[in-house]
Amino acid sequence: MLRARIAVLVSGGGTNLQALIDSQGNTLKSGEIVLVISSNPNAYALERAEKSGILSAVIPRSAPDFEARIVRLLEEHSIDLIILAGFMCILSEDFTRRYPRRIINIHPSLIPSFCGEGCYGLNVHRAALSRGVKVTGATVHYVNEIPDGGEIIFQKAVDIHSGDTPETLQRRVMEQAEWLLLPMAAEKVSKTIIQERQ
Ligand code: GRF
């Protein structure tokens, strides 16, 4: 069966990458993860890729030709869909315009709340807790030139519990939202890509 060729871009622990890997063959049927690119040589996500036999590469975010090297790898591996999973770099307008509706990102809040400049990782949950919201969640969206500004694909709400810390809240948002939504979105976009090709 023809499947979309997926590259996952990571920078850290890779729990969202792991959710995608584990979803292959069940939630994710129309796409296949064939490449992992990390901006961080020490990312545990690289171990996860290796354990699953997925080709990986490190392109340090400090590299002067960072984006050009990413593009070259994506082209070499005929990538159809790029998934940002805990990827801590903002991609340029040139890069995002090259792949319209072919880059998706998981953000740990209900966009448009708690997103944009500086809102990533634990910062997002700190902001939600300090604002005192009772509900947060996660969003999967297409990536365009506006940070966290692309069309929303899926969202899922998660309750905030009294006594939550940024860490306990991040874990709940990952477990109850991120790790479910990202495979669903990967399947939805992969299926669209395959259908457009037929
Ligand atoms: C987490 O804060 C997650 O919400 C966001 O990136 C961070 C790391 O995710 N998407 P991962 O464990 O590297 O997938």
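**Helix packing, cores and backbone exceptions**

Helix H1 (residues 15-23) and helix H2 (residues 44-51) have axes that come within 9 Å and cross at roughly 15°. The model is predicted. Helix H1 also packs on H6, at an angle of about 55°. The largest nonpolar core has 39 residues, and 10 of these, the largest share, come from helix H6 (residues 166-197).

**H1 against H2**

- An angle under 35 degrees counts as roughly parallel, and H1 and H2 are therefore roughly parallel to each other.
- The handedness of the crossing between H1 and H2 is right-handed.
- On the H1 side the contact is made by Thr15, Leu17, Gln18 and Ile21, and on the H2 side by Ala45, Arg48 and Ala49.
- By residue class, this contact of H1 with H2 has 4 nonpolar, 2 polar and 1 charged.

**H1 against H6**

- The axes of H1 and H6 are 9 Å apart, and the angle between them is about 55°.
- H1 and H6 are therefore oblique to each other.
- The crossing in which H1 passes H6 is right-handed.
- H1 contributes Thr15, Asn16, Ala19, Leu20 and Ser23 to the contact, while H6 contributes Met174, Glu178, Trp179, Leu182, Pro183 and Ala186.
- The residues of the contact of H1 with H6 comprise 7 nonpolar, 3 polar and 1 charged.
- Thr15 of H1 takes part in the contact with H2 and also in the contact with H6.

**Nonpolar cores**

- In soluble globular proteins, nonpolar side chains tend to be buried together.
- Within the core of 39 residues, those with the most contacts are Val8, Ile33, Val36, Ile83, Ile104, Val140 and Leu182.
- Helix H6 supplies the largest share of this core, with 10 residues.

- Val189 is placed in helix H6.
- The relative accessible area of Val189 is 2%, under the 20% limit, so Val189 is buried.
- Apart from neighbours within four places in sequence, Val189 is in contact with Leu81, Arg101, Ile104, Tyr142 and Ile153.
- From C-alpha to C-alpha, Val189 and Ile37 are 20 Å apart in space, and they are 152 residues apart in sequence.
- Thr136 is part of strand S6 (residues 135-142).
- Thr136 has 3% relative accessibility and therefore counts as buried.
- With neighbours within four places in sequence left aside, the contacts of Thr136 are Pro108, Ser109, Leu110, Lys156, Ala157, Val158, Ile160, Leu169 and Val173.

**Backbone exceptions**

- Most residues other than glycine have a negative phi, and most peptide bonds are trans.
- Ile111 and Pro112 are joined by a cis peptide bond, with omega about 15°.
- Pro112 sits in the loop between strand S5 (103-107) and helix H5 (122-131).
- Phe114 is also in the loop between S5 and H5, and Phe114 has a positive phi of about 50° although it is not a glycine.
- Asp148, a residue other than glycine, has a positive phi near 60°.
- The loop between S6 and strand S7 (152-159) contains Asp148.
- Asp148 counts as buried because its relative accessibility is 15%.

Notes: Residues are numbered from 1 along each chain as its sequence is written. This is a predicted model: local features need pLDDT of at least 70, side-chain atom pairs count only at pLDDT 80 or more; totals for chains, interfaces and linings use all residues. Side-chain values use heavy atoms; hydrogens and water are left out. Axes are lines fitted to C-alpha atoms, for helices over the stretch in contact, and angles run from 0 to 180 degrees between N-to-C directions. Helices (H or I, at least four residues) and strands (E, at least two) are DSSP runs, numbered from the N terminus. Angles under 35 degrees count as roughly parallel, over 145 as roughly antiparallel, 65 to 115 as roughly perpendicular and the rest as oblique. A crossing is left-handed if the near helix is turned anticlockwise from the far one by less than a right angle, and right-handed if clockwise. Contact means heavy atoms within 4.5 Å. Ala, Val, Leu, Ile, Met, Phe, Trp, Tyr, Cys and Pro count as nonpolar, Asp, Glu, Lys and Arg as charged, and the others, Gly among them, as polar. A nonpolar core is a set of buried Ala, Val, Leu, Ile, Met, Phe, Trp, Tyr and Cys residues joined through side-chain atoms within 4.5 Å. Buried means under 20% relative accessible area, exposed over 50%, partly exposed in between (1.4 Å probe, protein chains only).
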